[in-house]
Amino acid sequence: MANHLADKPILTLIRGLPGSGKSTLAAAICQITDAVHLEADQFMIDRNGNYRFDSRKLRDVHARCEAECDGHLSAGQSVVVSNTFSEIWEMQAYLDMAERHHAALQIIECHGRFGNIHGAPDDKINAMRKRWQQLPERYS
């Protein structure tokens, strides 16, 4: 899976509910492959290094995550993006990027229950669980 084994970059999307192990898995993959790890939560860190969720910033942080990914793929760098992606449309910009940059695409689902590090309330996690969409067969 390492980038030096392929002629093209690899885009890995890791999806799962909060606390499922997405960030941990992404970090492990990046350590082994030298891919860049991106997730929307990285763009919600304040000047003091503290995570500060702000739903008003969601559109902007996702756009920033997508732009960073696009830049790395266009430079030939492999990228691992770990976000909830509970609905398939939330991955569409990345699916389009993989195609546009001729990047190999892999999608990994995390289903662990490790407790979430960002304090997402149970009602929000349950709402995400209810709207969870299975991957279309072409991506499984």
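Reply: The 16 positive and 18 negative charges of the chain have mean positions 6 Å apart; Lys and Arg count as positive, Asp and Glu as negative, while His and the chain ends are not counted. Each charge is placed at NZ of Lys, CZ of Arg, CG of Asp or CD of Glu.

The model is predicted, with local features needing pLDDT of at least 70 and side-chain atom pairs pLDDT 80 or more, whereas totals for chains, interfaces and linings use all residues. Residues are numbered from 1 along each chain as its sequence is written, and side-chain values use heavy atoms, without hydrogens and water.

Along the sequence, the chain runs β-α-β-α-β-α-β-α, giving four helices and four strands (DSSP runs numbered from the N terminus: H or I of at least four residues for helices, E of at least two for strands). Buried residues, those under 20% relative accessible area with a 1.4 Å probe and protein chains only, form 38% of the 140 residues.

Strand β3 pairs in the parallel sense with β1 (residues 10-15) over four bridges, pairing requiring at least two DSSP bridges. Here T12 is opposite V80. Strand β2 (residues 36-38) also pairs with β3 in the parallel sense, over three bridges, and L38 is opposite V81.

Methods
Buried < 20%, exposed > 50% of the residue type's maximum accessible area, 1.4 Å probe, protein only.
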